[in-house]
Protein chains: 2
Amino acid sequence: MEFQALLKRRTIRKFSQKPVEKADITAMIEAARCASCASNRQRLRYIGVVSPEKVAAILPHTFYAALVKPRRTPVPGETSPTAFLAVTATEKPTPHLYADAGAAIQSIEFAAWERGIGCCWLGSFVPDQVAALVDFPDPERLIYLVALGYPAESPVSEDIPAAGDPKYYLDAQDVLHVPKFTAEALLTWL
Amino acid sequence: MEFQALLKRRTIRKFSQKPVEKADITAMIEAARCASCASNRQRLRYIGVVSPEKVAAILPHTFYAALVKPRRTPVPGETSPTAFLAVTATEKPTPHLYADAGAAIQSIEFAAWERGIGCCWLGSFVPDQVAALVDFPDPERLIYLVALGYPAESPVSEDIPAAGDPKYYLDAQDVLHVPKFTAEALLTWL
């Protein structure tokens, strides 16, 4: 898919129950492994969770879009993700390693969207519980989860000026609106 | 450009002296503003530095690819970047805000490469000196620089297994080789 079309990607929090295939997740990691990282050290590893039992067990320990809660909390078996990707670090994470994770996850999101799959990048979950469920030894090194599934919603973005309010909101038709600052609002010159 | 072709992008540290235009940098920020960010808070701002005098003044305070130094340190006026993009935060940066920066910079790199422009994402620079040069009040909130320019080198990546060594290296023809772990080396299943 054209990169410019991929920029229309949005975070998804309502999913159809069509399963995400392992081959799709592998394609996401093919993108993640090409992402920029500090000194090419490649200190991120991934656990693809496709077992329906494991996905269902992880779900209650994950939290979605506090600002529009409770309407965007996935309903198990109805709008819930059908897979998770756990993003882990090979060492105690530093701010630069979090930045590496951001670069990798952004690449994952593009590769997913190219295949028709939506993502919700999750920083809010119960690390101890999720680490135990994915058999990962160190909750501190389990830095992010990505919820995966085919979209069952179509959020829209809208441009706002520098003085605008970036809070997202649901309209009366249950459509999520995502205000985004314009480039002009974000960029100055020297 | 097709996203899959953009995955062949590599970090560039030797640049031709053709200038990067403001319109190209604006296009990069058009990509960055669509990147995922925590709670849609959009706490990153950008300073595009295109003034040749400012770019030259910043250069001595930036550090490139410690592992292959000194051969990949840009030579002023010969292989140096022709622009910088400063990535700043609207508040004291947390690890999650570093992750936001990673997602935004990865998007910037794709948008640059699509336009034939190479990037070197820099975490290593003298914050006080660079902040003063870009008229930014708080060095702690100046979190990254991106060096920009048209490529004057063609680094190559090569696949390595889980037990491989990710150190990059220059060959006898001055080509930078960038070992990357395969998806199989990075991904396990549940």
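The accessible surface of chain A is about 7,500 Å², and carbon and sulfur atoms make up 56% of it. Keep in mind that this is a predicted model.

Now consider the fold. Chain A contains 6 helices and 8 strands. Following the sequence, their order is α-α-β-α-β-α-β-α-β-β-β-β-α-β. The globule rule gives 16 Å for 190 residues, and the radius of gyration of chain A is 17 Å, close to that value, so the chain is as compact as a globular protein of that length. Along the principal axes, its C-alpha atoms fill a box of roughly 45 × 45 × 30 Å.

How much of chain A is buried? Of its 190 residues, 57% count as buried. Among contacts in chain A with a separation of 6 or more, 76% are between residues 24 or more positions apart.

Is A:Thr62 buried or exposed? Its relative accessible area is 5%, and buried means under 20%, so A:Thr62 is buried. Apart from neighbours within four places in sequence, A:Thr62 is in contact with A:Phe84, A:Leu122, A:Ser124, A:Phe125 and A:Leu145. A:Val134 is 72 residues from A:Thr62 in sequence, and their C-alpha atoms are 13 Å apart in space.

Next, take the two chains together. Two copies of a chain are related by a rotation about an axis and a shift along it. The same surface serves both copies, since 100% of the contact residues of chain B recur in chain A.

Finally, look at the backbone in chain B. Most residues other than glycine have a negative phi. Which value does B:Ser39 have? Its phi is positive, near 55°. B:Ser39 is in the loop between helix H2 (22-32) and strand S1 (44-49) of chain B, and is partly exposed, with a relative accessible area of 39%. B:Asp174 also has a positive phi, near 65°. B:Asp174 is located in the loop between strand S6 (169-170) and strand S7 (176-181) of chain B, and counts as partly exposed at 22% relative accessibility.

Definitions and conventions
Residues numbered from 1 in each chain as written. Chains lettered and ligands numbered in written order. Predicted model: local features only at pLDDT ≥ 70, side-chain atom pairs only at ≥ 80, totals over all residues. Heavy atoms only, no water. Helix = DSSP H or I, 4+ residues; strand = E, 2+ residues; numbered from the N terminus. Rg over C-alpha atoms; globule rule 2.2 N^0.38 Å. Buried < 20%, exposed > 50% of the residue type's maximum accessible area, 1.4 Å probe, protein only. Contact = heavy atoms within 4.5 Å. Areas by Shrake-Rupley, 256 points an atom, 1.4 Å probe, with all protein chains shown as cover.
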